[in-house]
Amino acid sequence: MVSAFKLAGITAAALIVLLIVAYLGTVIGGFILEFYGVLIGLWVVFVLFTLYFFRDPNPMTPTGANLVVSPAHGKVDVIDTAVEKDFMGGECKRISIFLSVFDVHVQNAPLAGKISFFKHTPGQYLNAMRTDSAQFNENVLVGIDSMEPAGEKVGVRLIAGLIARRIVPWISQNDAVQRGERISLIQFGSRVDVYLPMRAQIKIPVGQKVVGGETVIASFD
């Protein structure tokens, strides 16, 4: 008798669950059918934004001698002196570029040379609008030994942000790169720091919008 009541209870519970699932399916199905136009519209907006975000224009890279072009698309919000020991070996000039979600997120080589240093550092995902985010956030430091002029070093630090949680390098240590060549992708809002020797001449002011692979940010005059 106990077994019968137990079996009846199990089947009753299963029936109730089935009825709840059927009811929820009806409600959700009705909602989807009623608002399918809105849902399709939201999907179309998402697809268009995704295509816009991952756009990859061909840069009009300048051909002058001893030029350093911006590795990133965005806004220069810091130009200062920093200490970068891993690759630059100490004091250097820094240009920091903030990339909003509306900027192109492909990065370009700032000058022709050899990738002689490559270091990935795990970290946090603080808002990349913070100019000190490189100290805390996940980042990749790429060091380039220049071919023109020979003997100079330029470092590029790719910094993840609050939304940008994936850095996709397209180069490895010992690779040769040309000025303006695509080297990486940071997904969604992020920051790129450029480290230059103290003798480099900065050619842009704070607040300038720069185009990756195109805008001249410094030179070795």
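# Strands, sheets and one buried valine

Trainee: Which residue stands opposite Val168 in S10?

Mentor: Leu185 stands opposite Val168. The model is predicted, so local features need pLDDT of at least 70 and side-chain atom pairs count only at pLDDT 80 or more, while totals for chains, interfaces and linings use all residues. Residues are numbered from 1 along each chain as its sequence is written, and side-chain values use heavy atoms, with hydrogens and water left out.

Trainee: What makes S8 and S10 count as a pair?

Mentor: Three bridges join S8 to strand S10 (residues 182-186), and the two run antiparallel. Pairing requires at least two bridges found by DSSP, so S8 and S10 qualify.

Trainee: Why do S4 and S8 stand at the edges?

Mentor: The open sheet has three strands in the order S4-S10-S8, with antiparallel pairing. S4 (106-108) and S8 (167-169) each have a single partner strand, so one side of each lacks a neighbour in the sheet. From one strand to the next the twist averages 25 degrees; axes are lines fitted to C-alpha atoms (for helices over the stretch in contact), with angles from 0 to 180 degrees between N-to-C directions.

Trainee: How do you know that S2 and S3 pair?

Mentor: Nine bridges join strand S2 (residues 74-84) to strand S3 (residues 90-99), which run antiparallel.

Trainee: Why is Val140 called buried?

Mentor: Buried means under 20% relative accessible area, exposed over 50%, and partly exposed in between (1.4 Å probe, protein chains only). Val140 has 2% relative accessibility, so Val140 counts as buried. Val140 is found in strand S6 (residues 139-147).

Trainee: Which residues does Val140 touch, leaving out those up to four places away in sequence?

Mentor: Phe118, Lys119, His120, Val156, Arg157, Leu158 and Ile167. Contact means heavy atoms within 4.5 Å.

Trainee: How many helices and strands does the chain have, and what makes a run count?

Mentor: Two helices and 14 strands. Helices are DSSP runs of H or I with at least four residues, strands are runs of E with at least two, and both are numbered from the N terminus.

Trainee: What percentage of the residues of the chain count as buried?

Mentor: Of the 221 residues, 41%. Among contacts with a separation of 6 or more, 72% come from residues 24 or more positions apart.
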